[in-house]
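Here is a short report on a protein and its ligand. Look at the structure first, then read on.

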Amino acid sequence: MARIAYVDGRYLPITAASVSIEDRGFQFADSIYEVLKRINGRLIDADRHLARLRRSLGELQIAQPCSEAALLRIVQETLARNALKDALIYIQVSRGAAPRNHPFPASTRPTLVVTVRRLSLPSQLEREQGAGVVTAPDQRWGRCDIKSTGLLPNVLAKQEAQQAGAREAWLVSGEGTEAVVTEGSSTNAWIVDAAGVLRTHPATPAILGGVTRSVVLELARAEGIAVEERAFTLGELAKAREAFLTSATSLVLPVTRIDGRPVANGMPGETTRRLMACYAERCGLPAHR
Ligand code: PMP
């Protein structure tokens with residue numbers, strides 16, 4: 001069955017779906033996106049994803065392409081047309097198409113694209129053994145809190161990770177052991193530090209405030225785990241007891257190798273496993289996921 005995409009009011013086979021070459025998403029990466037998942041017919045944390053979409057649009061003064069109720073109907077219709085139950089949903093909104101010129105055009109309609117695909121969650125092997133990450137310089141702009149499609153530094157870092165046989169690149173800002181880990185190229189980064197405190201970078205413009213990050217913070221607090229939204233350095237990472245990453249598609253995934261060296265004993269830690277189970281339960285997945 002052909003995959004169907006929604007583009008500006010029409011449902012089309014992906015191969016026939018297109019936007020203008022003058023679309024500002026293509027010309028300037030003047031566009032934002034959102035990624036969420038559906039599991040067992042239920043959109044997971046749709047309210048938080050829609051709130052972040054609204055915020056990203058607001059920060060760039062891009063108009064809402066339609067009401068949120070209409071957007072949810074489009075998402076459901078795209079899922080139905082692709083006959084998908086468990087799915088990854090990708091929503092992209094650009095400022096629209098206009099003759100190429102840097103300032104915002106006076107009157108354009110935003111372009112809205114919705115695509116869906118089968119949800120592919122981390123394998124059992126990866127969940128049991130943990131993933132490898134490499135560290136790479138954070139070369140991004142100063143507003144990483146906006147979920148912009150300007151992802152070239154993220155793409156380059158992920159490519160570096162892949163070429164090193166790792167799942168993810170953790171982006172590092174600064175020099176030497178005092179350099180801090182901001183986040184992953186498409187995930188948020190966490191450790192349990194040498195003192196046993198769960199740490200992740202605060203939600204500043206230096207990172208994307210992950211929806212999974214916000215949920216895991218709440219789950220950790222509810223579990224009585226000591227948690228601090230405080231950046232960790234490469235020096236602290238080297239001494240960490242545990243590490244993991246989070247995103248809508250990776251869920252909570254242990255990180256057991258960093259730049260080829262094991263984290264602690266090289267196996268997923270206890271706090272990580274607890275949070276994996278809590279988050280899986282929230283998504284309606286078996287706890288062992
Ligand atoms: N940071 C970056 C740079 C990302 O691209 C993502 C994926 N959207 C995340 C963090 C994780 O966000 P979420 O938990 O909302 O998927």
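The sections below describe the ligand and its surroundings.

## About the model

This is a predicted model: local features need pLDDT of at least 70, side-chain atom pairs count only at pLDDT 80 or more, and totals for chains, interfaces and linings use all residues. Residues are numbered from 1 along each chain as its sequence is written, and side-chain values use heavy atoms, with hydrogens and water left out.

## Around the ligand

The ligand is surrounded by 18 residues, each with a heavy atom within 4 Å of it. Lys147, Glu183, Val211, Thr212 and Ala248 are the closest. By type, the shell has 4 nonpolar, 10 polar and 4 charged residues. Gly counts as polar here.

Both domain 1 (4-118) and domain 2 (124-282) give at least three residues to this shell. The domain bounds come from an automatic or database domain assignment.

A polar side-chain atom of Lys147 lies 2.5 Å from a ligand nitrogen atom. For Glu183, a side-chain N or O atom is 2.6 Å from a nitrogen atom of the ligand. Ala248 uses its backbone: a polar atom there is 2.8 Å from a ligand oxygen atom.

Conventions. Polar contact = N/O pair within 3.5 Å; in protein donor to acceptor, adjacent residues only side chain to side chain.
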